[in-house]
Amino acid sequence: MASKEDKYEANVKGKFYVDTECIDCNLCRELAPDNFTNHEDGYSYVYKQPTEQGEADACLEAMENCPVEAIGCLLYTSPSPRDGLLSR
């Protein structure tokens, strides 16, 4: 599980983040290219927080499929994680 204490500083402020467990596999960038990018030091990070539901769903899909669980989401408290990601 991703740790907010270990998240990369390159992540923009917001709900989604990538932590230091990232292996730069490119999956998040394929699933949510509008929100994740790669750093020259060999890891992915969130460069833009989702602003619409489709982007939030793509970020959540990236988080759920990350092979090393390096993607986290703050305020991940809804019974259904897809509900209210943009409203908090």
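How many residues does helix α2 have, and how far does α2 reach from its first C-alpha to its last? Helix α2 runs over residues 53-65, which makes 13 residues, and it spans 18 Å, close to the 18 Å expected at 1.5 Å a residue. Keep in mind that this is a predicted model.

Let's stay with α2 for a moment. Its buried residues are E55, A56, A58, C59, L60, A62 and M63. They are covered by several elements, including those in this table.

| Element | Residues |
|---|---|
| β1 | 16-18 |
| α1 | 27-31 |
| β2 | 36-39 |
| β4 | 71-73 |

Now for the largest nonpolar core, which holds 19 residues. Within this core, V18, C22, F36 and I71 touch the most other members. At least two core residues come from each of β1, β3 (43-46), α2 and β4, and α2 gives the most, with five residues.

Take V18 as a way in. Leaving aside residues up to four places away in sequence, V18 touches K7, Y8, N11, F36, S44, Y45, V46, A70 and I71.

Next, have a look at D19, which sits in the loop between β1 and α1. Is D19 buried or exposed? D19 is buried, yet it has no salt bridge. The nearest side chain of opposite charge belongs to K7, 11 Å away. With residues up to four places away in sequence left out, D19 touches M1, A2, S3, D6, K7, Y8 and A70.

Conventions:
Residues are numbered from 1 along each chain as its sequence is written. This is a predicted model: local features need pLDDT of at least 70, side-chain atom pairs count only at pLDDT 80 or more; totals for chains, interfaces and linings use all residues. Side-chain values use heavy atoms; hydrogens and water are left out. Helices (H or I, at least four residues) and strands (E, at least two) are DSSP runs, numbered from the N terminus. The expected span of a helix is 1.5 Å times one less than its number of residues. Buried means under 20% relative accessible area, exposed over 50%, partly exposed in between (1.4 Å probe, protein chains only). Contact means heavy atoms within 4.5 Å. Lys and Arg count as positive and Asp and Glu as negative; His and the chain ends are not counted. A salt bridge is a side-chain nitrogen of Lys or Arg within 4 Å of a carboxyl oxygen of Asp or Glu. A nonpolar core is a set of buried Ala, Val, Leu, Ile, Met, Phe, Trp, Tyr and Cys residues joined through side-chain atoms within 4.5 Å.
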